[in-house]
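Good morning, and thank you for coming.

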Amino acid sequence: MKAAAGCAAALALPLLLPSRHLATFVLLTLAAAVTVGVSLLMGYAGQVSLGQASFYAIGAYAAGLLAVHGTPPLLGLLLAPVLAAAAAALIGFPLLRLRGHHLAFATLAVQLILLSLLAQASWAGGAIGLQGIPRFSIGGYSLTDDLGYAYLALLVLGIALLVSRNVVSSRAGRGLRAAATSEIAAAASGVPVGGYRLAVFALSAAFAGLAGGVYAFFLGYLAPGSFPVLLSIEYVVMAVVGGLGTIAGPVVGAVLIVVLVQVLNTLGTQPGMPDYAPSVLSYAVYALVLVVCVLYLPKGVVPSVSAALHARRR
Amino acid sequence: MRLVVDRVSRAFGGVYAVRDVSLTVEPGELRAVIGPNGAGKSTLFALIGGQLAANAGRIEVDGRPVRRLPAHRRARLGIGVVFQAARIFTGMTAAENVMVGAHATTRAGFLAGALRLPAHHRDEREIRSRALACLDRTGLADWADRPAEELPLGQQRALQLARALCARPRLLLLDEPASGLRAGERESLAALIGDLRAEGLTMLLVEHDVGFVMRLADQVTVLDLGRVIASGPPAAIRTDPAVIAAYLGTAPAGRPEGSHP
């Protein structure tokens, strides 16, 4: 019931929104799709990725480069998550035996390396960026307006949500949830804990890669500067604020953060504000929101609100 | 399943917890491993289950070497484990806890689960029906849909046993399953272990409570200070002078109290 209502609202929203907000809607929806993966990784594999934007970038560049060289856009969009997941598997593999925050540091390092490589790579447009990416099209039908991309982004988010819900409630997902509370007992039950965590990492990268592919066709232009480390941090903040280990959490987190950043941006560009106000406000908001959330809503918005509603109903 | 442990050792920082321990458990046998506190029983248990790696020696099940295999691979070969501490999965229902136990003998992977392929549905049906049967067998049927952490301690211990049985193990390792149980629970546990033995399940039972194992076990191995000091049927062990000395503390001085047979 709740899921159906959520779907209906999401499908109606692009039609109701003023068209000048559609671009924000597309980016927000793509961010939510990436956050679904981050939330899955943090909530079920107990790992943090501080470089999730690099998989977004890999997906975007893969789709963009393929399209620029004449590959059908649909094929490029389908390959984007595959390549991002393969990159994650490669990065994650040596980390399987390590514990704690190694993955967080490694992903951060990978993103910094990727950004400087992209800035050097003339075949990918270098620091200036990759230009002339055609619009997304299937057969002869080309997606040109923002409304079309809004629905494409919603499709990607829907796939990410459906796949992560399915994984969590499957045999593998039970093994992961078990490993989150007792790794020893899970392994003794036959759960390959390290392998499953790597698989979740690759899956989260696939979501980011798919979202990145849509981003490439939507903007038609990619530059290393579009994928800063701050973007990776943003996904983590969205996941934590929304609530780990819930289906709706990443979506709620993404909406809250994007709306908040927009409001602060508007506030920062009011006449009379110093010219550094917008950037200070939007950077500071991540830190503040994260601290407040960890202090007062450690489980995130969605679990806390649903617990409060549940308590009231009793 | 036949278990062979051959001259297995494990040291922690230069001190041997288990040293040159050998024992063979024949298929269908219920072997008890007893010994005073600090004898190395739990270490031996972890070496066979794969929670710890042995420094030296050979561990085989049905002729297959497993010493270098990680715990999850040993589980797939049919080694089931019941830990001493109630290592349950919190945040999951009792039924889900037991369903995880079936992991070792089912196959559906990430892709099958994510895309709901036929393999997923086939495995889920099998896992669910097996889990319900195991809950029933351990007297937990009424608790199936309760969060595991809400179960009383005795039921949490039973839950671990149900989880291990759900994999249909061919060798079951039990680490002090009776400790902390009330008299009634202890009796039903003994009855269940007796049933499993009658069904031909090979078991290795590590136990501190000598009375509990003497009436259940076919063979008893006694450890002291990491070494095997006696091995044989319960009646012979009861009268073995080395065992009596180890338990009464006439051998090395300074043994902790409270471990009399």
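Let us begin with Gly126(A), which sits in the loop between α5 (102–120) and β1 (130–131) of chain A. Please bear in mind throughout that this is a predicted model.

Is Gly126(A) buried, partly exposed or exposed? Gly126(A) has 14 C-beta neighbours inside 10 Å and therefore counts as partly exposed. A residue is called buried at 20 or more such neighbours and exposed at 12 or fewer, so a count in between gives the middle class. If we set aside the neighbours within four places in sequence, the contacts of Gly126(A) are Ala119(A), Gln120(A) and Ala121(A).

As general background, nonpolar side chains in soluble globular proteins tend to be buried together.

Not counting residues up to four places away in sequence, Ala211(A) touches Leu30(A), Ala33(A), Val34(A), Tyr56(A), Gly59(A) and Val156(A).

Next, the contact between the chains. Here 23 residues of chain A meet 32 residues of chain B. On the chain A side, α6 (146–168), α7 (171–181) and α8 (183–188) each supply at least two residues. Of the elements on that side, α7(A) gives the most, with 8 residues. By residue type, the chain A side divides into 12 nonpolar, 8 polar and 3 charged.

Within chain B, the division is into domain 1 (1–78 + 169–253) and domain 2 (89–167). The C-alpha centres of these two domains of chain B lie 26 Å apart. Their contact draws 11 residues from domain 1 of chain B and 9 residues from domain 2 of chain B. On the domain 1 side, the elements that give two or more residues are α2 (71–76) and α7 (183–198) of chain B. The most comes from α7(B), with 3 residues. The residues on this domain 1 side comprise 6 nonpolar, 2 polar and 3 charged.

Finally, some strands of chain B. Strand β1 (residues 3–12) and strand β2 (residues 15–25) of chain B run antiparallel and are joined by 7 bridges. Along this pair, Leu3(B) stands opposite Val25(B), and Val8(B) faces Val21(B). What do β1(B) and β2(B) form, and how many residues lie between them? They form a hairpin with 2 residues between them, and Gly13(B) in the turn has a positive phi of about 55°. β1(B) also pairs with strand β4 (residues 56–61) of chain B, in the antiparallel sense and over 5 bridges. In that pairing, Ser9(B) stands opposite Ala56(B).

Note on methods:
Residues are numbered from 1 along each chain as its sequence is written. Chains are lettered from A and ligands numbered from 1 in the order in which they are written. This is a predicted model: local features need pLDDT of at least 70, side-chain atom pairs count only at pLDDT 80 or more; totals for chains, interfaces and linings use all residues. Domain bounds come from an automatic or database domain assignment. Two residues are in contact if their C-beta atoms, placed from the backbone, lie within 7 Å. Helices (H or I, at least four residues) and strands (E, at least two) are DSSP runs, numbered from the N terminus. Ala, Val, Leu, Ile, Met, Phe, Trp, Tyr, Cys and Pro count as nonpolar, Asp, Glu, Lys and Arg as charged, and the others, Gly among them, as polar. Two strands pair if DSSP finds at least two bridges between them.
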